Amino acid sequence: MYVLGIETSCDETGVAVYHRELGLLSHRLYSQVKLHAPYGGIVPELASRDHIRRLLPLIRETLNAAGLSLTRLDGIAYTAGPGLIGALLVGASVGHSLAWSLGIPVVAIHHMEGHLLAPLLDTDKLQPPFVALLISGGHTQLIQVKELGDYQVLGESVDDAVGEAFDKVAKMLGLGYPGGPELEKLARQGDPERFRFPRPMTDRPGLDFSFSGLKTFTLNTLAATRGTPQDKADIARAFQDAVADTLAIKCRRALRQTHIGKLVAAGGVCANQAIRNRLNTVAERENAELFLPRHEFCTDNGAMIAFAGSLRLSAGQRAGAAIQARARWNLEDLPPIDHRSGLPPRAGGAECCSGDAKTERKK
Ligand code: KG4
Ligand code: ZN
């Protein structure tokens with residue numbers, strides 16, 4: 001089954017073709033970084049317009065790279081949420097229109113499920129149950145994955161997402177957008193001994209996170225220095241270490257609480273090498289296996305959507321005729337993916353993202 005994946009939830013246009021037996025056949029990404037950089041952040045209307053400009057040529061390019069014509073496709077998967085509503089509508093309407101014209105099924109994919117399943121693009125050794133840490137620009141969540149598609153939120157950020165905190169602190173330090181990768185670069189020159197920042201919400205039980213206080217702490221620390229390049233690098237280092245430690249402490253807690261020996265970490269912030277290393281150390285100490293996506297599949301991409309779509313389409317799930325896009329969407333509301341069935345979906349399965357949006361906090 002050749003599945004075309006379309007990702008347009010934020011500021012990257014991502015397209016990929018995935019085949020269950022043959023694997024990932026091609027993937028292409030168009031980043032809007034240059035478009036938004038002068039504004040210091042994403043301008044939603046510009047993002048939507050650029051997805052409109054880029055998506056069809058990118059689909060053509062991705063199919064060419066896979067050596068496929070449109071008519072060879074067996075299904076289409078698009079990101080239906082959570083994300084910027086105008087941006088989502090571009091991928092959703094193109095996905096539905098293409099599927100309709102080709103007479104093939106289409107499925108609406110949850111962006112964070114895409115992230116969560118991304119490590120599976122490179123390994124078949126990862127089987128549920130596992131604990132997943134999702135860290136992106138809009139989300140910070142610890143999830144217990146009982147079965148593929150069966151997700152329980154164990155904890156999440158009560159304010160800023162980690163990626164958001166990275167981006168805001170980067171801005172404070174005078175770095176460009178997107179801030180996360182720039183901050184990581186600067187932190188490499190920082191002295192780890194000079195400042196020690198708090199590890200928020202680790203002194204009390206629970207698996208929730210909070211990063212807005214850490215942001216304020218960072219701002220106050222910066223204000224108390226002369227703001228030299230070395231001051232900034234030391235602050236970037238202290239901030240990154242505090243985040244990495246906090247995430248690691250909560251992951252350790254989640255592994256112990258659930259008695260699960262497998263940890264997945266995914267989402268854009270997982271591209272951060274210091275965080276990857278810290279999670280690796282925790283996993284080793286807890287005798288747990290760690291699964292991380294390769295770097296290019298940490299941040300937004302079409303491959304993870306094509307992959308999640310391939311699983312859901314193979315399980316017989318299909319979206320109805322209505323185009324679906326939702327700014328907020330709770331991962332817990334997804335129907336499970338029943339690999340074995342390959343049969344038409346149970347009631348509810350077909351409309352895998354119908355119904356009212358519930359309580360997704362961010363993005
Ligand atoms: O998953 P993603 O591409 O988009 C969302 O779903 O939000 O994540 C983007 C976020 C941004 O906040 C970006 O600054 C952050 O991931 N990020 C990083 C790094 N690379 C991307 N944060 C820290 N270190 C990085 N190397
Ligand atoms: Zn994302």
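## Two buried zinc ligands

His111 and Asp300 are both buried, where buried means under 20% relative accessible area, exposed over 50% and partly exposed in between, with a 1.4 Å probe and protein chains only. Together with His115, they hold the zinc ion (ligand 2): the donor atoms are NE2 of His111, NE2 of His115 and OD of Asp300, at 2.0 to 2.1 Å. Donors here are N, O and S atoms within 2.8 Å of the metal (3.2 Å for Na, K and Ca), and since water is not among the atoms, sites may look incomplete. Along the sequence, the donor residues are spaced H-x3-H-x184-D. His111 sits in helix α4 (residues 111–117), while Asp300 is in the loop between β10 (289–291) and α10 (303–314), so the pair links parts of the chain 189 residues apart. Helices (H or I, at least four residues) and strands (E, at least two) are DSSP runs, numbered from the N terminus.

A quick word on the ground rules: this is a predicted model, in which local features need pLDDT of at least 70 and side-chain atom pairs count only at pLDDT 80 or more, while totals for chains, interfaces and linings use all residues. Residues are numbered from 1 along each chain as its sequence is written, chains are lettered from A and ligands numbered from 1 in the order in which they are written, and side-chain values use heavy atoms, leaving out hydrogens and water.

## Glu113, also in α4

Helix α4 also carries Glu113. With a relative accessible area of 0%, Glu113 counts as buried. Not counting residues up to four places away in sequence, Glu113 touches Gly149, Tyr151, Ala308, Arg312, Leu331, Leu334 and Ile337; contact means heavy atoms within 4.5 Å.

## The nonpolar cores

In soluble globular proteins, nonpolar side chains tend to be buried together. A nonpolar core here is a set of buried Ala, Val, Leu, Ile, Met, Phe, Trp, Tyr and Cys residues joined through side-chain atoms within 4.5 Å. The largest one has 60 residues, and Leu4, Ile59, Leu116 and Leu117 have the most contacts inside it. Helix α10 gives the most to this core, with 8 residues. At least three residues come from each of domain 1 (2–119 + 296–341) and domain 2 (127–292), with the bounds taken from an automatic or database domain assignment. Another core, of 42 residues, lies apart from that one and includes Ile135, Leu222, Ala254 and Ile260.

What does Leu116 contact, leaving aside its neighbours within four places in sequence? The list is Phe130, Ala132, Leu134, Ile143, Val145, Tyr151, Val264, Ala266 and Leu331.

## Helix α5 and its surroundings

Helix α5 (residues 162–172) has these buried residues: Val162, Gly163, Glu164, Ala165, Phe166, Val169 and Ala170. They pack against β6 (130–135), β7 (140–147), α6 (179–187), α7 (212–223), α8 (229–258) and α9 (273–285). Just after α5, Gly174 takes a positive phi of about 80°.

## Salt bridges

Side chains of opposite charge can pair when their charged atoms come close. The structure holds 19 salt bridges, each being a side-chain nitrogen of Lys or Arg within 4 Å of a carboxyl oxygen of Asp or Glu. Lys168 is partly exposed, at 33% relative accessibility.

Glu184 and Arg188 also form a salt bridge, their closest N and O atoms being 4.0 Å apart. Glu184 is buried at 11%, whereas Arg188 is exposed at 59%. Arg294 and Glu296 meet at 2.9 Å, N to O; Arg294 is partly exposed at 33%, and so is Glu296 at 40%. Elsewhere, salt bridges with shared partners join Asp160, Glu164, Lys168 and Lys215 into one network.

## Aromatic pairs

There are 5 aromatic pairs. Rings of Phe, Tyr and Trp (its six-membered ring) pair if their centres lie within 6.5 Å; planes under 30 degrees apart count as stacked, over 60 as edge-to-face and the rest as tilted. Phe195 and Phe197 make a tilted pair, 6.2 Å centre to centre with 50° between the planes, and both residues are buried. Phe195, Phe197 and Phe217 form one aromatic cluster.

Why does the pair of Phe209 and Phe211 count as stacked? The ring centres are 6.1 Å apart and the planes lie at 15°, so the pair is stacked. Phe209 is buried, at 0% relative accessibility, and Phe211 is buried with a relative accessible area of 0%.
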